[in-house]
Amino acid sequence: MSGAPSVFLVDDDRDLRKAIQQTLELAGFTVSPFAGATEALAQLDAGFEGVVISDIRMPGMDGLALFRKIAELDADLPVILVTGHGDIPMAVQAIQDGVYDFIAKPFAADRLVQSARRAQEKRRLVMENRALRQAAEAASESLPLIGQTPVMERLRQTLRHIADTDVDVLVAGETGSGKEVVATLLHQWSRRRSGNFVALNCGALPETVIESELFGHEPGAFTGAVKKRIGRIEHASGGTLFLDEIEAMPPATQVKMLRVLEAREITPLGTNTVRPVDIRVVAAAKIDLGDPAERGDFREDLYYRLNVVTLSIPPLRERREDVPLLFSHFLKRASERFGREVPEISAAIRDYLMSHPWPGNVRELSHFAERVALGVESNPAKPAAPAATTSTGTLPERLERYEADILKEALTAHRGDVKETLTALGIPRKTFYDKLQRHGINRADYAGRTAAGES
């Protein structure tokens, strides 16, 4: 909610209505005055973020009838009723029926203001919770953008704010953190939702294929091109193009992609015809493209062209309070899919949820929930503990050994891949290599190895 809190004030007494309006406005409320209930009701809907204050005794529709109409519209919209008759049975019944407060005339101005403030706070919480539920329901089925931590609330608010602006967006986040979910939500919450959402993983295609996939081709453009093909960019016209792992895009393709972003036009392979495209581009990267050391051969001008708005998705280890909520969602969904009852969560699973580092982020948590639903993960192993010798020695010595174990675990989990390991650990490249040297760890020893030690 934004701006001053709102009040719909309904009273057929013109002088009293003006006096109450002045009192509320001096207290910081924005007041919309009405002489009758019917007039006020015509202006109300379930999206109203404020409070209704109404006299009871009025010609036509009285305050109690107005309350019942509002309750049908939105049972959570606070209504404060005012009466000059001091009818105690009426007040009791009104409160039981759901009226937020009942104030008898004459009343102190502060009594009404404080009641209105409490009602406004209740309404604010109701509307915020509705917005969170709507955001969770609108999220992708595979990796929903669920979370109650402040960083996730800010991320959802930012997505809502920029969804309809049509600016290109760069999404940064670790593997499995939900970058495609963010791109999908930007599409679903924008006016482009009726167009196509087209996704392409730049790291999954060889250099010889990616240009044809992106730009399309005419018959005879190259050996094997027997039919015309519409590229992903043109197919996304009117909608959203999502380029995942854009850091893996070949340099030659980057040049052409820069032209697309600047001119919003393409030239398919095998033709000189220029075709305009109406696209919004959302690009995702696992590395920090703003860091020249990590960017490598990724074009700086393309980075700055994409970097109109950058959204960073926090890893699970930085928002552990969201883990139980996410796990509960995934477990319920998996149990429904497998046709099983939602299992009871053991103490071992609860401990694991809050102690595991979740290097695979939301995707790893989703897979873990599926194993729990199937009953194959009833007693998960605790995260690998440091060697027994870690419990001996001075504090600096024990911390050094623990750090070495973390480095080895990350290298093993990511098969020695430097970029993925750096992303998982969240440290600069130079710091990483300094630590490897200090601990005598050879990165090459972990190349191609899995967590189980397989090649």
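Reader: What makes α17 and α18 a pair in contact, and which residues meet?

Author: In this predicted model, Val418, Lys419, Thr421, Leu422 and Leu425 of α17 meet Arg429, Phe432 and Tyr433 of α18. Contact here requires heavy atoms within 4.5 Å.

Reader: How many nonpolar, polar and charged residues does the contact of α17 with α18 have?

Author: The contact has 5 nonpolar, 1 polar and 2 charged residues. Tyr counts as nonpolar, and Lys and Arg count as charged.

Reader: Why is α17 called roughly perpendicular to α18?

Author: Helix α17 (residues 418-425) and helix α18 (residues 429-439) pack at an angle of about 100 degrees. The class roughly perpendicular covers 65 to 115 degrees, so α17 is roughly perpendicular to α18. Their axes are 10 Å apart.

Reader: What makes β13 mostly covered?

Author: A residue is buried when its relative accessible area is under 20%. In β13 (residues 280-285), 6 of the 6 residues are buried. Arg280, Val282 and Ala284 point one way, while Val281, Ala283 and Ala285 point the other way. In a regular strand the side chains alternate between the two faces of the sheet.

Reader: How do you know that β6 and β10 pair with β13?

Author: Pairing needs at least two bridges. Strand β6 (residues 169-172) has 4 bridges with β13, in the parallel sense, and Val169 stands opposite Val282. Strand β10 (residues 240-244) is also joined to β13 by 4 bridges and runs parallel to β13; there Leu241 stands opposite Val281.

Reader: Why do β2 and β5 count as edge strands in their sheet?

Author: The open sheet has 5 strands in the order β2-β1-β3-β4-β5, with parallel pairing. Strands β2 (30-34) and β5 (101-104) each have a single partner strand, so one side of each is left without a neighbour in the sheet. The twist averages 20 degrees from one strand to the next.

Reader: How do you know that β1 is paired with β2?

Author: Strand β1 (residues 6-10) and β2 share 5 bridges in the parallel sense, against a requirement of at least two. Val7 has Val31 in β2 as its bridge partner.

Reader: Which helix packs on this sheet, and what angle does its direction make with that of β3?

Author: Helix α3 (residues 63-73) packs on the sheet and touches β1, β3 (51-55) and β4 (79-83). The direction of α3 makes about 155 degrees with that of β3.

Key
Residues are numbered from 1 along each chain as its sequence is written. This is a predicted model: local features need pLDDT of at least 70, side-chain atom pairs count only at pLDDT 80 or more; totals for chains, interfaces and linings use all residues. Side-chain values use heavy atoms; hydrogens and water are left out. Helices (H or I, at least four residues) and strands (E, at least two) are DSSP runs, numbered from the N terminus. Axes are lines fitted to C-alpha atoms, for helices over the stretch in contact, and angles run from 0 to 180 degrees between N-to-C directions. Angles under 35 degrees count as roughly parallel, over 145 as roughly antiparallel, 65 to 115 as roughly perpendicular and the rest as oblique. Buried means under 20% relative accessible area, exposed over 50%, partly exposed in between (1.4 Å probe, protein chains only).
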